Amino acid sequence: MKWLTSRYVFPLAVVTLIISLCLQCAWIRQLYVAQKKSVATALESIVSDASRRVIYQSIAKGHEKSIRFQQFFLSPEWLALRQAFDELKVDNLRSQFHYGITNDSSVVEMKMSFLNDPKKKNSHHSSIAITDGKSQQEVSQQDQRDLKVMDSLVNHRLDLLGFHIDRSYALYDYSDGKLVKGKTVSNAKSAFLSGKYTYNLKFQNRYQLVVPTITWLIIYQMKYYLISSFMMLVLTAVAFYLLIRLMKNQQLYAQAKMSFTSNMTHELQTPISTIAVALESISKYHLIDEPGKLENYINISRHELQRLQAMIEKVLKQEQMDIGKTKLQFSLIDIQSLLKQVMLSMDIQVREKNMQLILVPVNEPYFIKGDAMHIANVCYNLIDNALKYSPAQSRIEVSCSIADHELTISFKDNGPGIKEIYHQQVFERFFRIFNQDNIHNVKGSGLGLHYVKQVVTLHGGRVALQSKIGKGSNFMIILPLYEEN
Ligand SMILES: Nc1ncnc2c1ncn2[C@@H]1O[C@H](COP(=O)(O)OP(=O)(O)OP(=O)(O)O)[C@@H](O)[C@H]1O
Ligand SMILES: [Mg+2]
């Protein structure tokens, strides 16, 4: 699996995301088409059902209790038959419809006649309006009432869909099919036009439902699919992002660990070689006879041994802190005097680099509860970094301030600064910045800031860093202030 290194993981994740996005789009498109059909079917059945019911109501007076009557006039077959009769408008077809309902029986007659020879003219498609002896005005009034019932029934059923859609209706003359009321829609792609339905047996007009757009209704019906597919995409993207970040972190950690090992090996090798050379020189040049030179060599060896011991201790201390074995010895600390002591112990390094290390004075002492040895080490590490990474003759300023029952100690230098992307990582174990100018040559194990963060966290505090490349760094440790009640 070596070829599957992180170099390929990012493009692979992006390609996978794009493919799944495309698949989701294709799936949603298919679903949209299917849903459009089912919405159209549902709307059509609302209108046809309303037509069936309104026709039944218009003739049912006095026959409500007749089961046969209901069976016939409410059956879907009757609806289909009547709709077919209404739709059948072949050239030269003469059709006649008649119904008679008495107390005992109901008669429905549908009669169609046409001449076989197309050259001969018959009268046009026509139906006989059934007036039941009523005047034309009475028939029109009845027709208006039936139309209102039809429209309100359709609207009621549409409201039950749970989503408001704009709608209107169009009326067509039964005989010649011309539009007599309302309007149809010109942009018909997302529009819905139902079939034309009669709403009584008077054959005056036919009703058509007009919905200018059904797109939002379809989207409403698809809401759960859309939400789940969106969630799936987001979750996949988040999972990929976390995985890539984890891999990157692990890679960085592995790199840092490797450089720590080589760094440490080098650091340990130097004192060992120096001591070996010193011992060899003592025996080779019989320095026992030259006490002055002998003492010099012994001092060099002792100094190197101390350095070796300090390095081993540092790694061991870090190890103990990592596994949580370190026990803190809490006492009251006057932070100003602790800082002065630490700064005094670093005087030689400061002078060597010709730097200025300044403690900004404060009027009153600030106290914290903490482990004096570890807090001193924290300050030492931060000043040591400022000294190590800033060029000669720089100025390092240490200052204290209090706010909201917290004490902030800041270590400000005007060194190279740290890129914002490394602000979190510098506190990670073994992490060192390699690609920054003039830091390449500075030795270190990458443990200092990790130790700082751990100690400060164990004291209930936190660390902060303000830094920009070329503008110096300001490392801050924020600790709970000790206050007498
Ligand atoms: N004041 C600073 N200015 C610029 N870069 C800094 C500063 N302090 C720390 N850094 C960067 O942060 C990295 C981590 O610092 P840290 O103190 O943890 O390790 P180190 O100094 O390399 O080694 P150690 O402190 O263990 O001897 C350093 O390698 C350096 O790149
Ligand atoms: Mg350091």
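This is a predicted model: local features need pLDDT of at least 70, side-chain atom pairs count only at pLDDT 80 or more; totals for chains, interfaces and linings use all residues.
1. Contact here means heavy atoms within 4.5 Å. By that criterion, 14 residues of domain 2 are in contact with 16 residues of domain 3.

2. Domains. The assignment for this protein gives domain 1 as 12–221, domain 2 as 253–322 and domain 3 as 330–480. Between domain 2 and domain 3, the C-alpha centres are 27 Å apart.

3. Buried area between domain 2 and domain 3. About 1400 Å² is buried between these two domains. Carbon and sulfur atoms give 63% of that area. On the domain 2 side, Phe 260, Gln 318 and Met 321 stand out: they supply 36% of the area that domain 2 buries against domain 3, more than any other three residues.

4. Polar links across this interface. Between domain 2 and domain 3 the salt bridge count is zero. One residue pair is in polar contact across the interface, with both residues at pLDDT 80 or more.

5. The domain 2 face. Two helices each supply at least two residues to the side of domain 2 that touches domain 3: helix 6 (223–284) and helix 7 (291–322). Helix 6 gives the largest share, nine residues. By class, the residues on this side of domain 2 divide into five nonpolar, four polar and five charged.

6. Salt bridges overall. The whole structure holds twelve salt bridges. Which residues does one network of salt bridges with shared partners join? The next two points describe pairs in helix 1, and point 9 gives the answer.

7. Arg 52 and Asp 49. These residues form a salt bridge, with the closest N and O atoms 2.3 Å apart. Both lie in helix 1 (residues 6–59), three residues apart, or about one turn of the helix. Arg 52 counts as buried because its relative accessibility is 16%, under the 20% limit. Asp 49 is buried too, at 13% relative accessible area.

8. Asp 49 and Arg 53. Asp 49 also forms a salt bridge with Arg 53, the closest N and O atoms being 3.4 Å apart. This pair again lies in helix 1, four residues apart, about one turn of the helix. Arg 53 has a relative accessible area of 38%, so this residue is partly exposed.

9. Arg 395 and Glu 397. A further salt bridge joins Arg 395 to Glu 397, with 2.9 Å between the closest N and O atoms. Both partners are partly exposed: Arg 395 has a relative accessible area of 35%, and Glu 397 has a relative accessibility of 23%. As for the network asked about above, its members are Asp 49, Arg 52, Arg 53 and Arg 157, joined by salt bridges that share partners.

10. Backbone at His 286. His 286 is not a glycine, yet it has a positive phi of about 45 degrees. The residue is found in the loop between helix 6 and helix 7. Is His 286 buried or exposed? With a relative accessible area of 53%, His 286 is exposed, the cut-off being over 50%.

11. Backbone at Phe 430. Phe 430 has a positive phi as well, near 70 degrees, in a residue other than glycine. Its place is the loop between strand 11 (406–413) and helix 11 (448–458). Phe 430 counts as buried because its relative accessibility is 8%.

Conventions:
Residues are numbered from 1 along each chain as its sequence is written. Chains are lettered from A and ligands numbered from 1 in the order in which they are written. Side-chain values use heavy atoms; hydrogens and water are left out. Domain bounds come from an automatic or database domain assignment. Buried area is the accessible area (1.4 Å probe) that two parts lose on being put together, summed over both. A salt bridge is a side-chain nitrogen of Lys or Arg within 4 Å of a carboxyl oxygen of Asp or Glu. A polar contact is a pair of N or O atoms within 3.5 Å; within protein, one must be able to donate a hydrogen and the other to accept it, and residues adjacent in sequence count only if both atoms are side-chain atoms. Ala, Val, Leu, Ile, Met, Phe, Trp, Tyr, Cys and Pro count as nonpolar, Asp, Glu, Lys and Arg as charged, and the others, Gly among them, as polar. Buried means under 20% relative accessible area, exposed over 50%, partly exposed in between (1.4 Å probe, protein chains only).
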